[in-house]
Amino acid sequence: MQIQVQHANNIKMKKILISLTCVIAIALSSCYYDNEEALYPRIEICDTTAENITYNKAIAPLIKENCLGCHSTANKANGGGLALDSYEAAKGNIDDIYADVKQEQGTNFNPMPKNSQKLSECSIQNLETWATNNFPK
Ligand code: HEC
């Protein structure tokens with residue numbers, strides 16, 4: 001008799017354990033959601049081949065797209081009087097350009113492009129590559 005009670009208790013315990021496991025499993029799985037950014041981090045393919053990082057191929061388009069709204073010769077008043085639409089201007093101001101595009105937006109240190117998203121890591125890398133390789137045209 002004693003043995004039978006114990007056996008029944010064992011079965012009860014097993015049932016409780018199994019249901020507990022289920023509850024935990026369901027709780028855990030409902031916390032899991034597909035975060036696309038985490039599952040598939042955006043991989044930017046950055047071409048660092050030196051011959052592709054010339055002013056004409058990489059730097060002028062980058063500046064045109066992100067900077068000339070405020071820094072062209074015609075509208076440089078929007079950009080504190082600084083025009084960046086020539087090879088000489090880009091090369092001559094590279095230290096300031098590089099320092100500013102590396103700033104996080106929302107800081108006090110002239111983050112550029114002003115009031116916009118920070119450039120991609122690849123674009124920043126291209127500016128650095130261009131300077132390191134002595135400003136190929
Ligand atoms: C929306 C307008 C705007 C855009 C876009 C913009 N700038 Fe500027 N930039 C300014 C203004 C205005 C100033 C003058 C300083 C200030 O008010 O922050 C300035 C100043 C600068 C300076 C001189 C500041 C210093 O550090 O001495 C550099 C260099 C510069 N910008 C680079 C860039 C580059 C590179 C881009 C593109 C990646 C860019 N800017 C995009 C508006 C802009």
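A residue is buried if 20 or more other C-beta atoms lie within 10 Å of its own, exposed if 12 or fewer, and partly exposed in between, with C-beta atoms placed from the backbone. This is a predicted model, in which local features need pLDDT of at least 70 and side-chain atom pairs count only at pLDDT 80 or more, while totals for chains, interfaces and linings use all residues. Residues are numbered from 1 along each chain as its sequence is written.

Start with the ligand. It is surrounded by 21 residues, and the closest are C67, C70, G80, M112 and P113. Here a residue is near a molecule if its C-beta atom, placed from the backbone, lies within 6 Å of it. Two elements give two or more residues to this shell: α4 (68-71) and α6 (94-101). Helices are DSSP runs (H or I, at least four residues), numbered from the N terminus. The largest share of the shell, 4 residues, comes from α6.

The peptide bond from M112 to P113 is cis, with omega near 0 degrees. Most peptide bonds are trans. P113 sits in the loop between α6 and α7.

Now turn to the core. The largest nonpolar core has 14 residues, and I59, I63 and V101 have the most contacts inside it. Such a core is a set of buried Ala, Val, Leu, Ile, Met, Phe, Trp, Tyr and Cys residues joined through C-beta atoms within 7 Å. α3 (55-66), α6 and α7 (121-132) each give two or more residues to this core. Its largest share, 3 residues, comes from α3. Leaving aside neighbours within four places in sequence, I59 is in contact with A90, N126 and W130. Contact means C-beta atoms, placed from the backbone, within 7 Å.

The segment after α7 holds N134 and F135. N134 has a positive phi of about 65 degrees although it is not a glycine. N134 is exposed, with 7 other C-beta atoms within 10 Å. F135 also has a positive phi, near 55 degrees. F135 counts as partly exposed, with 16 C-beta neighbours inside 10 Å.

Definitions and conventions
Contact = placed C-beta atoms within 7 Å.
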